[in-house]
Amino acid sequence: PDRGGPGVTAYLIRDVSILGGEPTDVLLEDGRIAAIGGFEAGSARTSTDDLETIDGTGLIALPGLVDLHTHLREPGREDAETVESGTRAAAMGGFTAVHAMANTDPVADTAGVVEQVWRLGREAGYCDVYPVGAVTVGLAGQQLAELGAMADSAARVRVFSDDGKCVSDAVLMRRALEYVKAFDGVVAQHAQEPRLTEGAQMNEGELSGRLGLAGWPAVAEEAIIARDCLLAAHVGSRLHVCHVSTAGSVEIVRDAKRKGWNVTAEACPHHLLLTDELAATYDPIYKVNPPLRTAADTEALRAGLADGTIDIVATDHAPHPHEDKDCEWAAAAFGMLGLETALSIVQATMVDPGLLDWAGVAERMSHAPARIGRVADHGHPIEEGAPANLVLYDPSARRTVEAAESASLSRNTPYAGMELPGRVVATFLRGRPTVLDGKLQ
């Protein structure tokens, strides 16, 4: 869909800081970054009628964010989210591309379903949608899905995951890793040993015992990651570890990278900021899979993200209808919203404490996820000739999160009422604004 003002075909962003550098001007035209530099009046098309000028003073330009882990729920759970509503939320968060997880209804385990999701994304037009194909038929963990057919489909699937369920069968996981090598795919594993987490409700520890909630041990995650790192090395294939949440998991991934194995990993914003102490409220808004962990785990995740052990930040945006969260803890669904607040939380946990600069944020939220997902049109540096996918961000702003203002259909944000730093001012997808002045276009 065409967005922007009537007749506007180009945008000149004045005095914006690219990745925190010195202020400069950036011209967007014909879907590309046409020029970068200080433009005098009358030059670089600044006097034409079809150009809109944006004041970038105090703003940081980042490449459009890429999320490797988004739940858009369509088809099947349109009461929680649709591709359109989810991508609107993504645009508000500065994302120009998202990978839509396969746990829909029907499951995205065939070429037909992934193509449906891909086309819905194109029709919505707020960001590019790359479907994630299921590893196993129906996420049942019994037999491989049509991996090759999904890879050859119009959606060109390159990421495969049973997220929400672990591929716990070692032989099946090995076969999946072997299969995706043929088209340079990657298996993204939801690391959760099912036998160790039966009935689990929160992080296992002294607090879970005191609250009377079944514990979720760290070893349930770490055992699968260790096994799969060994399998990936044995097969010579690519493994991506979803939502790493424990200090032990960080060390396992760090060791795999030290050995040169082709393993990448992600951390979610909520695991960088929130801890299991919040479970003491018995508010299911804080119930998530994997669970919120200890403060020590949170610190280890931040350190791992800072030193590159953890490659990317991924949101695990998991919308749910009101009734699935407005109930007692044990009956509530796992998951929380994440797209619209991700960049602010990364600023709060990584940039403001000095653990990452803005170039580091661009690497972990744009360049690296695009590389892992094999997305050619996103994750490029902000330079002349590159696709005009970028976000303008005000790091000096402060905002209080209001659940009712979310672009998502759902309201299950754990940050409601919390003051967070930063604000997405504008998002551009191929040179056309999906967000301007903080408002959807």
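Predicted model: local features only at pLDDT ≥ 70, side-chain atom pairs only at ≥ 80, totals over all residues.
F160 is buried, with a relative accessible area of 0%.

Q: Is F183 buried or exposed?
A: The cut-off for buried is under 20% relative accessible area. F183 has a relative accessible area of 15%, so by that cut-off F183 counts as buried.

Q: Which kind of aromatic pair do F160 and F183 form?
A: Their rings lie 5.8 Å centre to centre, with 55 degrees between the planes. Planes under 30 degrees apart would be stacked and those over 60 edge-to-face, so the rest are tilted. The F160 and F183 pair is therefore tilted.

Q: How many residues apart in sequence are the parts that the F160 and F183 pair ties together?
A: F160 lies in strand β9 (residues 159-160). F183 sits in the loop between α4 (170-180) and β10 (186-189), so the pair ties together parts that are 23 residues apart in sequence.

Q: Which residues form one aromatic cluster with F160?
A: F183 already pairs with F160. The cluster also takes in Y179, so besides F160 its members are Y179 and F183.

Q: How far apart are the end C-alpha atoms of helix α9?
A: Helix α9 covers residues 295-307, which is 13 residues. At 1.5 Å a residue, α9 should span 18 Å. The distance in the model agrees with this: 19 Å.

Q: Which residue just after α9 takes a positive phi?
A: Helix α9 covers residues 295-307. Just after α9, a phi of about 90 degrees belongs to G308.

Key:
Residues numbered from 1 in each chain as written. Heavy atoms only, no water. Helix = DSSP H or I, 4+ residues; strand = E, 2+ residues; numbered from the N terminus. Expected span 1.5 Å × (residues − 1). Phe/Tyr/Trp six-rings, centres within 6.5 Å; stacked < 30°, edge-to-face > 60°. Buried < 20%, exposed > 50% of the residue type's maximum accessible area, 1.4 Å probe, protein only.
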